[in-house]
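Welcome! Let us take a walk through this protein together, one part after another.

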Amino acid sequence: MFTNVIDFLKEKIYFNFFIGGRGVGKTYSTLSHLLQCKKIFIYLRTSAKELGIAADSNVFSVIDKRIKWRKLEEDFYGIEKNNKIIGYGCALSTFKNIRGVNFENVEIIFHDEFIPEVSARKILKNEADAFFNMIESVNRNRELLGHEPITYI
């Protein structure tokens with residue numbers, strides 16, 4: 001009855017896009033997967049404002065109340081369980097500020113709500129460039145070194 005993103009992640013497809021109606025399970029099943037798979041992840045939102053709201057409301061608390069967000073830098077969070085970082089929260093709009101960071105331990109990027117609302121006043125300028133730079137900053141050509149590339153959801 002609900003979308004289960006995990007069913008689609010069994011294939012070795014590295015860029016996964018899920019588009020559908022609200023409340024059908026895309027975000028919930030992905031958040032559940034992030035907490036169960038024991039892989040370091042990035043929870044990505046397009047804007048810093050969206051990220052701040054996600055952090056303040058703790059989008060993971062629906063699944064596990066032990067998950068906490070800790071601000072590491074401006075618009076950059078550590079997502080923790082039992083005081084151990086299990087992931088990071090950041091915004092595509094500010095990713096340029098965290099270039100050069102070592103993300104070799106990150107295996108999954110979950111870009112939640114990546115399609116802007118029709119009523120949104122402003123779409124991120126040069127969003128495609130920001131996206132490709134973010135992917136390159138995190139992935140760092142892992143395939144050329146014989147490693148699996150990151151999975152983008």
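The paragraphs below go from the sheet to the helices beside it. Please keep in mind that this is a predicted model.

Six strands form an open sheet in the order 2-3-4-1-5-6, and their pairing is mixed. Strand 2 (67-73) and strand 6 each have a single partner strand and stand at the edges, so one side of each is left without a neighbour in the sheet. Elsewhere in the sheet, strand 1 and strand 4 (residues 84-91) run parallel and are joined by five bridges. To find your way along this pair, look for Phe41, which stands opposite Gly87 in strand 4.

Now turn to the helices. Helix 3 (residues 48-57) lies across strand 1, strand 2, strand 3 (76-81) and strand 4. Its direction makes an angle of about 120° with strand 1. Helix 4, in turn, lies across strand 1, strand 5 and strand 6, and runs at about 160° to strand 5.

How far should the 13 residues of helix 4 span? At 1.5 Å a residue, helix 4 (residues 127-139) should span 18 Å, and this agrees with its end C-alpha atoms, which are 18 Å apart. Which residues of helix 4 are buried? They are Phe131, Met134, Ile135, Ser137, Val138 and Asn139. These buried residues pack against strand 1 (40-45), strand 5 (106-111) and strand 6 (151-152).

Key:
Residues are numbered from 1 along each chain as its sequence is written. This is a predicted model: local features need pLDDT of at least 70, side-chain atom pairs count only at pLDDT 80 or more; totals for chains, interfaces and linings use all residues. Side-chain values use heavy atoms; hydrogens and water are left out. Helices (H or I, at least four residues) and strands (E, at least two) are DSSP runs, numbered from the N terminus. The expected span of a helix is 1.5 Å times one less than its number of residues. Buried means under 20% relative accessible area, exposed over 50%, partly exposed in between (1.4 Å probe, protein chains only). Contact means heavy atoms within 4.5 Å. Two strands pair if DSSP finds at least two bridges between them. Axes are lines fitted to C-alpha atoms, for helices over the stretch in contact, and angles run from 0 to 180 degrees between N-to-C directions.
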